[in-house]
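Here is a short report on two chains.

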Amino acid sequence: MKKRKDNRRLDEMRKIEAKVGVIKRANGSAMFRIGDTIAVVAVYGPRSLHPKYLQDPERGILRVYYNMMAFSGSGERIRPGPSRRSREVSMVIEKALTSVLDLKEFPGGVVDVFIEIIQSDSGTRCAGICAASLAIADAGFKMKDLISAVALGRIDNDIYVDVTKDEEDIEGMADVPVAYLPSSGKIVLLQCDGFLKKEQLKEILKIGKKVCLEIYKVQQKALKEGYKK
Amino acid sequence: MADLIVKDKEVVVPGQVLAKGMEYLPANGTYREGNEIKALQIGMVTLSGRLIKLIPLKGVYIPKVNDVVIGRIIDVGVNNWLVDIGFSNLAGLSLRDATSQYIVRGADLSNYYKFDDYIIAKVTKVTKDKLIDLTTKGRGLRKLDEGIIIKVTPVKVPRIIGKGGSMISMIKEKTNCKIMVGQNGVIWLCGQEPEKEKLAIDAIYFIEKNAHVEGLTDMVKDFLEGKKGEKK
Amino acid sequence: MSIISKHIRNLLKEGKRLDGRGLEDYRKDIKIEYGVSKNAEGSARVRIGNTEVVAGVKMDVGEPYPDVPNKGSITVNVELLPLSNPEFESGPPGIEAIELARAVVDRGIRESDALDFKSLCIKKGEKVWFLLIDVYSFNDDGNLSDAIGLAALAALKDARFPKYDSKEGKIDYKKKTDKKVVLKELPIPVTVLKIDDKFIVDPSLFEEKAMDARLTITTIEDGRICALQKGGEKPLTEDDIDKMVDIAIKKGKELRKLLK
């Protein structure tokens, strides 16, 4: 059986950890860690949105700000400030979260979701969504489901679960982050960077769904523990 | 075949499947998707005949008519004020709902409520677009004087107040503090001694954390007395 | 004046604070954790009560500034993240963050001679080390300023130089050496607030809103001041400053022990 650099099997996820209520001032917050990737999220809202022209009179809007801290990456310092990548990641996460939230109760208002990556070893947008959906639940919003996400990859002809930065850097690999609604198996985020045969995509989606159910169990536990202490 | 998946009083999370089949009906905090009833929030399951409800453990404040809330004056207008009550829209307090006094046209409304003042007000109207009207005319409604403002999650307010106000009365009595609890989770306190004030604040946060635990009233009583006992 | 400020002031008139602390008491639980972000060359998390900040150091090699060809340098960036306080706006660092970066962290380290910049020289006139310090607020429960100052120092203490291949002129970030950043001094900033005629340290959120003026005083071990920054809209008398400096030296000594 093929083993990876960190001795994982191809279909094995790194160790995951989740916690809610990590930022006391926020309405809701959570930390999600997968391997060496750590995301912290704070949710504020629903609150007033200004300037007025940004308001939607029919429903509240969701704003996501995804940011990598300057020292979170494995190479050089990351210049602070929004980059094209961080804006794209913010947008796909926003679309994913909007699919589970009913914002009609807050017309004209806004819910702000701040995602900070403290440490990165690939899979940051997935960790970000896992933490963000926990933080929103922690804030007490009504949500159809939590969201669980993981990044899979195709290296040569094999499907790898939860790729690390080293694996992501392999020439010719395909990187596929995917996010699911655990109770229905519906997909709310799907991206692909690289070549995939249709059968490989199907395989990826099948495996991804299974892995995300494992992640969901950890997320559930984190939310429930938040109320025991 | 109907299948109840969870137990009464079980803590569940959004998306968690509570029951399968058509026998049960979704109620507050739950929804039906196809053959399954699922949770919409983090909450405690309450079974009531065929209804599956959730008591939310955390929630967002949604204003309702007759809610008594504590708000902060954000803007002073010509004949109204805008008030932040912790909702996505600022609430409006018009001049005629603020006072029965005769106000000269063009008078400076800051003389009544100015920016950063805290008021106890009642929600009189919630339109379908969620525009909120308040009034400060009425018993107990007024501008708040010196004190501390803290915030709790709105769904815990009933527990903090207690049946017939019993819980909050106990805290007031044992800490000698004046306390006003807004339905929006904003709470005002003012005590005679800072130690007792801190005790009251800690007791309120204690209730917020343990709201779903059985025997809470006794636990709070011990908390208030135990702490008091430590003080020499 | 808000009702909260009024209450804080009335308590202070009797020498009392809401949480029962003495005027010159920091919150009891101050925690410093090292190595919280593995990709950083050095990192630390500081908690003062519920106030939490995270700092990291990245290193880079570049050409020295022309006027100091044999010295490396530091850059300091502080971000008051909207994550940490609903009143913070998203966007580039505002003036408060800039003031913290320049007047509290950078000035404290530079003017105290804490770092031997000459030791950061690799090849005179051509290659020197730059220590890039970033500090982020994670939860604002008052006194971010002192927490930020401590975190930056703790991150520098935690820092190890990465492997540098001088022939290729490349840094291998994946390989850390054992070489530490030598800190000759630990310049500790202590922010003292004046409210009416009372002086307090480690203000809570409410106390910060009630302040008349503040003075952040950075001192080193022997009690010398290496940086000062006055804030707030009311003036300070010489006598005020005298008292505040004494407090800062005393508290600085206590806080320094936590970093050792």
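## Chain B overall

In chain B, 52% of the contacts between residues at least 6 apart in sequence join residues at least 24 apart. Contact here means C-beta atoms, placed from the backbone, within 7 Å of each other. The model is predicted: local features need pLDDT of at least 70, side-chain atom pairs count only at pLDDT 80 or more, and totals for chains, interfaces and linings use all residues. Residues are numbered from 1 along each chain as its sequence is written, while chains are lettered from A and ligands numbered from 1 in the order in which they are written.

Chain B holds five helices and 17 strands. Helices (H or I, at least four residues) and strands (E, at least two) are DSSP runs, numbered from the N terminus. The C-alpha trace of chain B spans about 70 × 55 × 25 Å along its principal axes. Chain B has 232 residues, and 41% of them count as buried. A buried residue has 20 or more other C-beta atoms within 10 Å of its own, with C-beta atoms placed from the backbone.

## Strand β6 of chain A

β6(A) covers residues 148-155, and eight of its eight residues are buried. Ser148(A), Val150(A), Leu152(A) and Arg154(A) point one way. Ala149(A), Ala151(A), Gly153(A) and Ile155(A) point the other way.

## Partners of β6

Strands pair if DSSP finds at least two bridges between them. β6(A) pairs antiparallel with β8(A), residues 174-181, over seven bridges. There, Ser148(A) has Tyr180(A) as its bridge partner.

β7(A), residues 158-161, is joined to β6(A) by four bridges, also antiparallel. Gly153(A) bridges to Tyr160(A) in β7(A). Two residues lie between the strands of this hairpin, where Asp156(A) takes a positive phi near 55 degrees.

Notes. Buried ≥ 20, exposed ≤ 12 C-beta atoms within 10 Å, placed from the backbone. Contact = placed C-beta atoms within 7 Å.
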